[in-house]
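Please read them beside the model.

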Amino acid sequence: MKTRFTLFLLSLFISFALCTTAAAEQNPWETKLPFKEATIHYSITGSETGSETLSIRDYGKERSSHRKSTAKMMFMTTETDQIEITNPDWVYTIDMKAGTGTKVTNPVKFMIEEYNRLSSGEKDMVNKNVQEMGTSFMQGMQGSVQQNAENILGYSCDLVSVAGTRSYSIHGTDITLKSDTAMMGMNFSTVATQVNEGAVADSVFTPPAGIEITHDTEADAAARAMAKSTIDTLKSPDASQKMQEQTGDAMNQAGAAGEQAPPANQGSDQDMQKAMDALKGLFGK
């Protein structure tokens, strides 16, 4: 849980880089994708090989990804068969091989709740800080952002480079169409092969039958506390200095977690990649 929490915190800071102008009183976490429903198919190559399918509904408020892959490292092989389902209330992570899963409250829900408690003036300050701090944070993490860097499958994509990952996402969104990751001894690429806009079956957004789901209340408590702390920081005039200190702490914790990870466990690599290029929307576009 601690590693997941650290990666989530890190992803919040990274997401600053893709922020654009947000009007006063507009919640920076309530955004829409350019399509209402879609299914995206990915191919995974390199140290990890396999496929992933991402299903999207309600302009991105509901998502379901199914990743099936095999990773080889240090003469060891690990297999992944994982489903992650996200809706406005919950995030489910399901291990199909083990037949078990966990659910946590969607951390964005806590962010929205804290934001909605603010006064009009405090919301203005949060929006101002979110807009102004993105570039400086990416520079502090030796990262960069290039908007409209490449056209992939007919979509103009922004390029984010940070911490061993180069990620191309549909312009102004957190939907990644291509990413290259090199970290902790692994090198792999995830590339979209098809984007099919259109209706997606309801069953895709429901945990499979027969799976035992456990509610991770500890993760919920940590995410709620982090949301309150983050909003308290963002509403203050010296938010930039405070966030720089927190970013350094998060980077150090993430690095320590990576150093302690078992060599054959590619889960940390996948989580870090997703922290870099799939959660950028947490602080708005």
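1. Two strands are taken to pair if DSSP finds at least two bridges between them, and helices (H or I, at least four residues) and strands (E, at least two) are DSSP runs, numbered from the N terminus. On that basis Leu-159 stands opposite Tyr-168 in E9, and six bridges join E8 to strand E9 (residues 165-170), the two running antiparallel.

2. On provenance, this is a predicted model, in which local features need pLDDT of at least 70 and side-chain atom pairs count only at pLDDT 80 or more, while totals for chains, interfaces and linings use all residues. Residues are numbered from 1 along each chain as its sequence is written, and side-chain values use heavy atoms, with hydrogens and water left out.

3. The strands E7-E8-E9-E10-E11-E1-E2-E3-E4-E5-E6-E12 form, in that order, an open sheet of 12 strands with mixed pairing. Strand E7 (144-152) and strand E12 (212-215) stand at the edges with a single partner strand each, so one side of each is left without a neighbour in the sheet. Neighbouring strands of this sheet are turned by 20° against each other on average, direction ignored, where axes are lines fitted to C-alpha atoms, for helices over the stretch in contact, and angles run from 0 to 180 degrees between N-to-C directions.

4. Helix H4 (residues 217-234) lies across strand E5 (90-95), strand E6 (100-105) and E12, and runs at about 25° to E6; contact here means heavy atoms within 4.5 Å.

5. Which residues touch the most other members of the largest nonpolar core? Of its 17 residues, they are Phe-35, Ile-40, Tyr-42, Ile-56, Ile-175 and Leu-177. A nonpolar core is a set of buried Ala, Val, Leu, Ile, Met, Phe, Trp, Tyr and Cys residues joined through side-chain atoms within 4.5 Å, and buried means under 20% relative accessible area, exposed over 50%, partly exposed in between (1.4 Å probe, protein chains only). A second, separate core of 10 residues includes Tyr-115, Val-126, Val-130 and Ala-223.

6. A search of the whole structure finds one aromatic pair, formed edge-to-face by Phe-35 and Tyr-155 at 6.3 Å centre to centre, with 80° between the planes. Rings of Phe, Tyr and Trp (its six-membered ring) pair if their centres lie within 6.5 Å, planes under 30 degrees apart counting as stacked, over 60 as edge-to-face and the rest as tilted. Phe-35 counts as buried at 3% relative accessibility, and Tyr-155 is buried at 15%.
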